[in-house]
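Please keep the viewer open as you read.

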Amino acid sequence: MSFKNTSDWLNFDREHLWHPYTSMTEPLPCYPIVSAQGVRLTLADGNELIDGMSSWWAAIHGYNHPSLNAALIEQLQSMSHVMFGGLTHLPAVTLGKHLVELTAPPLEHVFLADSGSVAVEVAIKMAIQYWYAQGETNKQKLLTVRGGYHGDTLAGMSVCDPVNGMHNLFQGVLPQHFFAPRPECYADGTSNIDTLEILLSKHQDDIAAVIIEPIVQGAGGMHFYCAGYLQQLRQLCDKYSVLLILDEIATGFGRTGTLFAYEQAKIVPDILCLGKALTGGYMSLAATLTTTRVAQGISADTGVLMHGPTFMANPLACQVANASIELLLASPWKSRIAQIERQLMMQLSSCAQYPVVKQVRVKGAIGVVELHQAVDMKTMQADFVAQKVWIRPFNKLVYIMPPYIINESDLSRLTSTIHHILKHLTLNT
Ligand SMILES: *Cc1c(COP(=O)(O)O)cnc(C)c1O
């Protein structure tokens, strides 16, 4: 069975395939991509789009990179997969060594999961199992902040922002956790962490861990907050005996200007989640790291960590992750990201002049323009594609996080297109 032409397979797609967060009765249009190279996505009609999204934070080296391709081909020729129960292999062990060496010294134990959401599930289980093994069987709740995003599986969803995470729909099945306000830092160096402390002090006997995205809250609203908040959070977690889980699935591997965002606060989490850019955007893979204290704590009383996905530590995914990490470390990533940050600040700040714009924010290789109202996604998406850029707005946000290899003129095309579109946009009243 084959398709006659592009519109034939697009029709099948529309009628049969779910895309992220879409309806089967009123699907939004999808653009057919036939190949990708560097920072360019090629549409079926031959047009090329400059990529502003890195395929959701992941494709940091751009697409179709020769050294990542080579790593995969080489691994494919020896083995693409074996079970990780009772067997092990060099691709996984090499990746474990990279991750242990790159992250803060206390993080020494690695669980290789198959997606970011699963890495979050594993982190939550680690925290609960840790306290359980210490005899603290009531410590099963989590504390988080509003505006977060931690994945789409049930446990991850339960700590997403309760409003845009659609908690109402799943009220009956989602565990109820504690929510502090979205982190806000003030000019005098203080923050709104006091409300979080009140929750911790009241409920510490029931709380296993605080889970939070450090410095940058991603899909829950693209908000940034200060390192000082995280420093205080680390102290509070110690004071009230709860673990600190940092979800760096979006921020990891350089995106905010440091290899990991927690470095900016000079703190170390008890549990760290990585994903997205881990394989340079090639394959689904994620990791949950923890300290010796937590790892040994879980195993007290002969406890075992209760998780083991079928495709755990897939050798292809591990090997492309190894190649991606080596490529990143051998590249001038820090100066590239600093350069992107400077250019984004210079070119996006003036978006604030348009009546539709509420605020412009830049952090590392992330540029965000927040509007006063939600955009008409379908129209704006089509406008961006007509201008030959791939920028996917959501809700009130028009934002970009391009591959680190983007050059000055391609990045200018992204920012000038945002200007062009926002300049002509009017508020609905
Ligand atoms: C994307 C993301 C996840 C979920 O990862 P998936 O691979 O989509 O399951 C979790 N946490 C954060 C911060 C993310 O950005």
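Leaving out residues up to four places away in sequence, Thr 288 touches His 109, Val 110, Phe 111, Ala 119, Val 122, Ala 123, Met 126, Ile 271, Leu 272 and Cys 273, where touching, or contact, means heavy atoms within 4.5 Å. Thr 288 is part of strand 12, residues 286-291; helices (H or I, at least four residues) and strands (E, at least two) are DSSP runs numbered from the N terminus. With 0% relative accessibility, Thr 288 counts as buried. Here buried means under 20% relative accessible area, exposed over 50%, and partly exposed in between, using a 1.4 Å probe and protein chains only. The side chain of Thr 288 also reaches the backbone oxygen of Ala 119 at 2.9 Å.

A word on what you are looking at: this is a predicted model, in which local features need pLDDT of at least 70 and side-chain atom pairs count only at pLDDT 80 or more, while totals for chains, interfaces and linings use all residues. Residues are numbered from 1 along each chain as its sequence is written, and side-chain values use heavy atoms, with hydrogens and water left out.

Now step back to the whole chain. Its domain assignment gives domain 1 (31-64 + 333-427) and domain 2 (69-330), with bounds that come from an automatic or database domain assignment. The C-alpha centres of domain 1 and domain 2 are 27 Å apart. Across the boundary, 25 residues of domain 1 are in contact with 28 residues of domain 2.

What lies inside? The largest nonpolar core has 124 residues, and those with the most contacts inside it are Leu 99, Leu 196, Phe 253, Ile 418 and Leu 422. A nonpolar core is a set of buried Ala, Val, Leu, Ile, Met, Phe, Trp, Tyr and Cys residues joined through side-chain atoms within 4.5 Å. Helix 5 (residues 116-133) gives the most to this core, with 10 residues. Domain 1 and domain 2 each supply at least three residues to this core. Apart from it lies another core of six residues, including Leu 68, Leu 72, Val 320 and Ala 323.

Leaving aside neighbours within four places in sequence, Leu 422 is in contact with Cys 351, Tyr 354, Val 356, Val 357, Val 369, Leu 371, Met 380 and Val 398. Tyr 354 turns up again beside His 419, a residue of helix 13: a polar contact of 2.7 Å joins the side chains of His 419 and Tyr 354. For a polar contact, two N or O atoms must lie within 3.5 Å; within protein, one must be able to donate a hydrogen and the other to accept it, and residues adjacent in sequence count only if both atoms are side-chain atoms. His 419 is buried, with a relative accessible area of 13%.

In helix 12 (residues 377-386), Met 380, Gln 381, Phe 384 and Val 385 are buried. Viewed down the helix axis, these buried residues fall within an arc of 140°, so they line one face of helix 12; the arc is that of the directions from the axis to the C-beta atoms. The buried residues of helix 12 pack against several elements, among them strand 14 (366-371), strand 16 (397-400) and helix 13 (408-423).

Finally, which residues are around the ligand? They are Ser 115, Gly 116, Ser 117, Tyr 149, His 150, Gly 151, Glu 213, Asp 247, Ile 249, Ala 250 and Lys 276, each with a heavy atom within 4 Å of the ligand. A backbone N or O atom of Gly 116 lies 2.9 Å from a ligand oxygen atom. From Asp 247, a polar side-chain atom lies 2.7 Å from a ligand nitrogen atom. Lys 276 places a polar side-chain atom 2.6 Å from an oxygen atom of the ligand. Lys 276 belongs to the loop between strand 11 (271-274) and strand 12, and its phi is near 35°, a positive value in a residue other than glycine. With a relative accessible area of 30%, Lys 276 is partly exposed.
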